[in-house]
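Please look through the structure below before reading the comments on it.

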Amino acid sequence: MRPLLAIAAFEFRTRVKRISTWVYFLVFFSLAMLWTAAAGGAVPNAIVAFGSGKVWVNSPYAIAQTVAFLGMAALTIVAAVMGRAIQQDFEHRVEPFFFTAPIERSDYLGGRFLGAVAVLVVILSSIPLGGIAGLLVPGIDTDRVGPMRLAAYITPYATMLVPNVVVLGGLFFCIAAMTRRMLPVYIASVVLLIGYLAARGLLRDLDNKTLAAMLDPFGVTANSNLTEYWSISERNTRLVPLAGVLLWNRLLWMTIAGVALAICSYRFTFTQPVARRRTAPQADGVALDP
């Protein structure tokens, strides 16, 4: 097995054995389940709508909106998993083991990155699974539930969540690798989320809606623009395709993430700093006669 795959498998096995991984999974499973149940009227006084009460809560359009919103809420989880994938080696002081082993820098970084991506793919699968479970909550209005289609859950997961893990996770991974600390990663995640929320009004006010959609790293604006003029019938039955502005948005940010990872790999110092040794007289605090 190549060192890259061996490191990725080790990272994946280590993470899936941790309680925190499954806590993250259960949190977002519960959120998606409650979100769907609330949209279906099972939660009193809760208001969750998808533009019209005639749009089914399990329609492709509603599922895409749910996945996009909860995917943004998972930003700090993405930062935690991706940042820790590389920073933990420096925190536990085990980086000399990798730096002195007969492996390439690309294998080390690539293995840690791919392993963390695989873990997040598992964690975020809780969102579509929770959405399906929400349809089984007692009290949901059956008139607001349409036919069950697995493709309606798989499509936004593959076009929204997985690319966001690679794009945003790649940026967080690079920050952690270059600074070897988690604080800058958490700060970047908070700034990114707050900055996006603050800029939503600006993006909506832009005359060029295509430009506004392209500037959104989450793909939420692109998804909304793509389905903006769909009829209720289309929103209930038509899968949100990876096409048009959504496709170009995904390609743009995947390219940006690829460039960032390439720069990170080039700039990352795959060596252990050597501590500057003091001379014997300085160490002992004794001045020797010539």
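The points below go from the chain as a whole to some of its residues.

1. This is a predicted model, in which local features need pLDDT of at least 70 and side-chain atom pairs count only at pLDDT 80 or more, while totals for chains, interfaces and linings use all residues. Residues are numbered from 1 along each chain as its sequence is written, and side-chain values use heavy atoms, with hydrogens and water left out.

2. The secondary structure of the chain consists of 14 helices and zero strands, where helices (H or I, at least four residues) and strands (E, at least two) are DSSP runs numbered from the N terminus. Of the 290 residues in the chain, 44% are buried; buried stands for under 20% relative accessible area, exposed for over 50%, and partly exposed for what lies in between (1.4 Å probe, protein chains only).

3. Among contacts in the chain with a separation of 6 or more, 77% are between residues 24 or more positions apart, a contact being heavy atoms within 4.5 Å. The accessible surface comes to about 15100 Å², with 66% of it belonging to carbon and sulfur atoms; such areas come from the Shrake-Rupley method with a 1.4 Å probe, and for residues only the protein chains shown count as cover.

4. Which residues make a nonpolar surface patch of about 350 Å²? The patch is made by I19, V23, V27 and L31, under a rule that takes residues with over 30% relative accessible area and no salt bridge, joining like charges within 9 Å and nonpolar side chains (Val, Leu, Ile, Met, Phe, Trp, Tyr) within 5 Å. I19 belongs to helix α2 (residues 19–39) and is exposed, with a relative accessible area of 67%.

5. The structure holds two salt bridges, each defined as a side-chain nitrogen of Lys or Arg within 4 Å of a carboxyl oxygen of Asp or Glu. One of them joins the side chains of R112 and E11 (2.6 Å, N to O). This pair links distant parts of the chain, with R112 in helix α6 (residues 105–124) and E11 in helix α1 (residues 3–16), 101 residues apart. Both R112 and E11 are buried.

6. Another salt bridge is formed by the side chains of E234 and R238 (3.4 Å, N to O). Here E234 is partly exposed at 27% relative accessible area, and R238 is partly exposed at 37%.

7. D216, found in the loop between α10 (209–214) and α11 (220–227), deserves a separate look. D216 is buried yet has no salt bridge, and the nearest side chain of opposite charge, that of R250, is 6.4 Å away; in this count Lys and Arg are positive and Asp and Glu negative, with His and the chain ends not counted. Polar atoms of the D216 side chain lie 2.9 Å from the backbone nitrogen of F218 and 2.8 Å from that of V220. Leaving out residues up to four places away in sequence, D216 touches Y196, T221, A222, N249 and W253.

8. V122, in helix α6, is partly exposed at 25% relative accessibility. Apart from neighbours within four places in sequence, V122 is in contact with F12, W22 and F25. V122 and T21 are 101 residues apart in sequence and 9.1 Å apart in space, C-alpha to C-alpha.

9. R180 lies in the loop between α8 (150–179) and α9 (183–205). Its phi is near 60°, a positive value in a residue other than glycine, and R180 is partly exposed, with a relative accessible area of 22%.

Definitions and conventions. A polar contact is a pair of N or O atoms within 3.5 Å; within protein, one must be able to donate a hydrogen and the other to accept it, and residues adjacent in sequence count only if both atoms are side-chain atoms.
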